Amino acid sequence: MATKDIPPFTLSDQSDLPLWVQLRDRMAYLINSGFYQPGEKLPTVRKYAADLHIAYNTVSKAYMGLERDGYVTTVRGSGVFVSDPGTFPREGGQADLLVEEFVKSCLEEGMTYDDIPKLVSKHIRKMKRDHEEKQ
């Protein structure tokens, strides 16, 4: 089964987002939009790196992010395949919008991108404690 050519798109060196995040987000969009279908084999890391003129490790990190988030599954010796749509998050839902607004608000308050997950973790721990105390 042949894989599709990589669609043309640009990654920006001027963006606040690292290249691997830009690539991961673009690939998630391509999966969510149906460009890549469930069960379809994705181009190799080497092909993406060569076609986009970026480092192999950058593409590899994007693929690992996609796998961690459930968009793809790696089959050792066979390649990386798009997961069933029921297993990956939908973009554009209410939670996505809330998270995006939350991140923007945090940045406007002077926080860094690295500060935001720490803040969220702190609040999750507190909410878990509060919930356990009520039971």
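I began with helix α1 and looked up what its buried residues pack against: α2 (45-52), α3, β1 (72-75) and β2 (79-82). A note to myself before going on: this is a predicted model.

**Helix α1**

Which residues of α1 are buried? I listed V21, Q22, L23, R24, M27, A28, L30 and I31. I then checked the helix length.

**α1 against α3**

Next I looked at how α1 (residues 19-32) sits on α3 (residues 56-68). Their axes are 8 Å apart and the packing angle is about 50°, so I call the pair oblique. The crossing of α1 over α3 is right-handed. From α1, the residues L19, W20, L23, R24, M27 and A28 touch T58, V59, K61, A62, Y63, G65 and L66 of α3. Sorting the residues of this contact gave me nine nonpolar, two polar and two charged.

**α2 against α3**

At what angle do the axes of α2 and α3 cross? I found roughly 125°, with the axes coming within 8 Å. The pair α2 and α3 is therefore oblique. Here, too, I noted a right-handed crossing, of α2 past α3. V45, R46, Y48 and A49 of α2 meet Y56, V59, S60 and Y63 of α3. I sorted the residues of this contact into six nonpolar, one polar and one charged.

How values were computed:
Residues are numbered from 1 along each chain as its sequence is written. This is a predicted model: local features need pLDDT of at least 70, side-chain atom pairs count only at pLDDT 80 or more; totals for chains, interfaces and linings use all residues. Side-chain values use heavy atoms; hydrogens and water are left out. Axes are lines fitted to C-alpha atoms, for helices over the stretch in contact, and angles run from 0 to 180 degrees between N-to-C directions. Helices (H or I, at least four residues) and strands (E, at least two) are DSSP runs, numbered from the N terminus. Angles under 35 degrees count as roughly parallel, over 145 as roughly antiparallel, 65 to 115 as roughly perpendicular and the rest as oblique. A crossing is left-handed if the near helix is turned anticlockwise from the far one by less than a right angle, and right-handed if clockwise. Contact means heavy atoms within 4.5 Å. Ala, Val, Leu, Ile, Met, Phe, Trp, Tyr, Cys and Pro count as nonpolar, Asp, Glu, Lys and Arg as charged, and the others, Gly among them, as polar. Buried means under 20% relative accessible area, exposed over 50%, partly exposed in between (1.4 Å probe, protein chains only).
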